[in-house]
Amino acid sequence: MAAELFPTKKLVSSASSSSSAASIQQQQNLSNNNPAPGCCSWQGQYPTIRERNSVMFNNEMMADVHFVVGPPGGTQRVPGHKYVLAVGSSVFHAMFYGELAEDKEEIRIPDVEPPSFLAMLKYIYCDEIDLCADTVLATLYAAKKYIVPHLARACVNFLETSLSAKNACVLLSQSCLFEEPDLTQRCWEVIDAQAELALRSEGFCDIDAQTLESILQRETLNAKEMVVFEAALNWAEAECQRQDLVPTIENKRLVLGKAIYLIRIPTMALEDFANGAAQSGVLTLNETNDIFLWYTASKKPDLLFCTKPRKGLSPQRCHRFQSCAYRSNQWRYRGRCDSIQFAVDKRVFIAGFGLYGSSCGSAEYCAKIELKRQGVPMAQRIIKYFSDGSSSTFLVWFDYPVQIEPDTFYTASVVLDGNELSYFGQEGMTEVQCGKVTFQFQCSSDSTNGTGVQGGQIPELIFYA
């Protein structure tokens, strides 16, 4: 599952940057060039203590302890050196040199996967962090278990940079298990802003019941309640399979338990309820009747479901112009692209743009909006909006908010079709502070209709932070 939840990515770093390129290459080949036990001059091949220590990684030479790592049927025997391990981990120090130390030549570790255990040992022996998407969670577990804090921090950083709507729910569950509050907060930021994508992800079905409840009761979920309901049913089907239950309607309701009352069914649109939840079979007949009465009757019945809509997130606006104007010969469109590049110093989620409208009375516009990163489209939508003739901006939205990483330039573009004369911005700013987020703007080569930093279109970016 990890391979699906995380993008293809690998991190290899070293705590020491002073080694030459040749030394680094030497280290990468050490596991294939371990000196023979009878070789007495190998030490002279490696000029630093770090390199000589690295030779001992996963090496039988002088090994005074062995680990049998992994669950039954998938074990791997790994050699170790007590002194090196004790220097790198307080748990190993207590295991080998503490008051209750046991003199065992072989130690079984069934709860850690062999690749993750080796990744931890590679850090202890070689001062090198080697992480990949398939094993990072298991490596974090090993680093936590054996109290190797710098490796654990590197794992968390790796997970934070890999965080997306596809894996946010799984990482939320794991971050709580590993007691990583910063990672937990990052997960909530993604889940709140991109709630519908997160709820529809495969990873959502893999979470535990406690995490499910924490998500369902979340006040700031930015999602339609029908999407929340459908996601809960998908989770229930997966949970039935985990419990070896036939995924019948009755068993889905059984595994959901009281969590079903965290879904705010009465806040759905009546049409969504009638065509969806009411016919799902998950609700009892009395619950269905009472909810219909809640929609229609003046005297409303008491419900176990929450009847108050979620607050969701409040969108923020980054306005990049200090004034706007119009002239008889500007602004004309004719199917050309208005574009601007921007970057932020904190992760945000772009939900849409604020656009100008007609300067010649009310008019309807058709807009193709697009967001790109390094030339690759991340989101686009064709949408119509009505302009009332004022100088106000009019909001157009993407289907889903788009995650924007810090310190990288993105391109916002729009192609407008409608009344040729419109308002346009002027006195543009290269840097705008919006709450705790700083936006920077620069001209885009995609812009063929005159928009730039100083003036033009796309006056606002609509975002969640």
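Start by selecting lysine 252, which counts as buried because its relative accessibility is 14% (buried means under 20% relative accessible area, exposed over 50%, partly exposed in between, with a 1.4 Å probe and protein chains only). Before moving on, know that this is a predicted model, where local features need pLDDT of at least 70, side-chain atom pairs count only at pLDDT 80 or more, and totals for chains, interfaces and linings use all residues. Residues are numbered from 1 along each chain as its sequence is written, and side-chain values use heavy atoms, leaving out hydrogens and water.

Helices here are DSSP runs of H or I with at least four residues, strands are E runs of at least two, and both are numbered from the N terminus.

Next, pick aspartate 192 and arginine 218. Their side chains meet in a salt bridge, 2.9 Å from N to O. Aspartate 192 lies in helix H10 (residues 181–193) and arginine 218 in the loop between helix H12 (209–216) and helix H13 (225–242), so the pair ties together parts 26 residues apart in sequence. Is aspartate 192 buried or exposed? At 6% relative accessibility, aspartate 192 counts as buried, while arginine 218 is partly exposed at 23%.

Then show helix H7 (residues 136–145) and helix H8 (residues 149–162), which pack at an angle of about 155 degrees with axes 8 Å apart (axes are lines fitted to C-alpha atoms, for helices over the stretch in contact, and angles run from 0 to 180 degrees between N-to-C directions). That makes H7 roughly antiparallel to H8, a label for angles over 145 degrees. Among the residues making the contact are Leu140 of H7 and Phe158 of H8 (contact means heavy atoms within 4.5 Å).

Last stop: lysine 308, in the loop between helix H16 (285–296) and strand E6 (316–319). Lysine 308 counts as exposed, at 51% relative accessibility. Leaving aside neighbours within four places in sequence, lysine 308 is in contact with Arg264 and Thr267.

Methods: Parallel < 35°, antiparallel > 145°, perpendicular 65-115°, else oblique. Salt bridge = Lys/Arg side-chain N within 4 Å of Asp/Glu carboxyl O.
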